[in-house]
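This report describes side-chain contacts, ring pairs, charged pairs and annotated segments in one structure. The sequence and coordinates are shown first.

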Amino acid sequence: MGCFECCIKCLGGVPYASLVATILCFSGVALFCGCGHVALAGTISILEQSFSTNVTDHALLSEVIKLMQYVIYGIASFFFLYGIILLAEGFYTTSAVKELHGEFKTTICGRCISGMFVFLTYVLGVAWLGVFGFSAVPVFMFYNIWSTCEVIRSLPGNMTTSADQICVDIRQYGIIPWNAVPGKACGSALADMCNTPEFYLSYHLFIVACAGAGATVIALLIYMMATTYNYAVLKFKSREDCCTKF
């Protein structure tokens, strides 16, 4: 076998679907975790400056956000390890399916491990659909605030409606209690808040984090298809091998 044929044979054993899914998964999780962590910190700063001057009013929310930031660290570490494992499993199953190492070889334990990865990937895929939906909530909230600021900026001078009558009450979203002071921002104060670096950065970081969660969902869908196909082929080939022996 020449060098060209050897390279073609090696390239035939590369799990391209798992490779693409791994790159997409790493990118999506990195965007979600990195941008989400910074955006949550910016959200606390915005609340303290414009909506809740009393620390006790948003103490619970601050603790929840800190907990979510620690969870983000765990998610990033888990998916880094899980992506590498799935990629290695893809190389193993693809090599077995393509019979790159001579005689087809697989064991019951290997098929059980492949089946476990299929089940776990399906569970993670469903869970990340929920994460993707949850990550869209802050984007919706920040978009509503930004839209209200745009309305204030575009008010003509001859309008009877004063800019101070246009407000955003963050208490209606349930993230701070109704007795929080001031609880809402109106008019020029609201417009000034939208011009702060914290608001601008947090808004766009939440959008990027939501996009990262969506990319992770797509990566897990690709993983689902790849692991399911590889497991099905391994099971079929093992039965075929057993029938050949008999």
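## Surroundings of Ile145

Leaving aside neighbours within four places in sequence, Ile145 is in contact (heavy atoms within 4.5 Å) with Val168, Ile170, Leu190, Met193, Cys194 and Phe199. The model is predicted, and local features need pLDDT of at least 70, side-chain atom pairs count only at pLDDT 80 or more, and totals for chains, interfaces and linings use all residues. Residues are numbered from 1 along each chain as its sequence is written, and side-chain values use heavy atoms, with hydrogens and water left out.

## The largest nonpolar core

A nonpolar core is a set of buried Ala, Val, Leu, Ile, Met, Phe, Trp, Tyr and Cys residues joined through side-chain atoms within 4.5 Å. Buried denotes under 20% relative accessible area, exposed over 50%, and partly exposed the range in between (1.4 Å probe, protein chains only). The largest such core has 48 residues, of which Phe51, Ile145, Leu190 and Met193 touch the most other members. At least two residues of this core are supplied by each of helix 2 (16-51), helix 3, helix 4, helix 5 (187-194) and helix 6. Helix 2 provides the largest share, 12 residues. Helices are DSSP runs (H or I, at least four residues), numbered from the N terminus.

## Aromatic pairs

Rings of Phe, Tyr and Trp (its six-membered ring) pair if their centres lie within 6.5 Å; planes under 30 degrees apart count as stacked, over 60 as edge-to-face and the rest as tilted. By this rule, the count is 13 aromatic pairs. The pair of Phe78 and Tyr82 is stacked because the ring centres are 5.6 Å apart and the planes lie at 10 degrees. These two residues are four apart in helix 3 (residues 59-98), a separation of about one helical turn. Phe78 is partly exposed at 35% relative accessibility, whereas Tyr82 is buried at 5%.

Tyr143 and Trp146 form a tilted pair, with 6.0 Å centre to centre and 35 degrees between the planes. Both lie in helix 4 (residues 108-153), three residues apart, about one turn of the helix. Tyr143 is partly exposed at 41% relative accessible area, and Trp146 is partly exposed at 33%. Ring pairs also link Phe32, Phe78, Phe79, Tyr82, Phe117 and Trp128 into a cluster.

## Salt bridges

What does a search of the whole structure find in the way of salt bridges? The search finds two, a salt bridge being a side-chain nitrogen of Lys or Arg within 4 Å of a carboxyl oxygen of Asp or Glu. One joins Arg153 to Glu150, with the closest N and O atoms 2.5 Å apart. Both residues lie in helix 4, three residues apart. Arg153 is partly exposed, with a relative accessible area of 38%, and Glu150 is partly exposed at 32%.

Arg171 and Asp169 also meet through their side chains in a salt bridge, at 2.9 Å from N to O. Both Arg171 and Asp169 are buried.

## Annotated segments and Thr216

The unreviewed UniProt entry places the feature "transmembrane region" at residues 19-47, 67-92, 113-146 and 203-226. UniProt positions are given in the numbering used here, feature names are shortened, and annotations may be inferred rather than shown by experiment. Residues 19-47 are 100% helix and 0% strand, with end C-alpha atoms 42 Å apart. Residues 67-92 are likewise 100% helix and 0% strand, and their end C-alpha atoms lie 37 Å apart.

Thr216 lies in helix 6 (residues 197-245) and is buried, with a relative accessible area of 0%. Not counting residues up to four places away in sequence, Thr216 touches Cys25, Gly28, Val29, Phe79 and Trp128.
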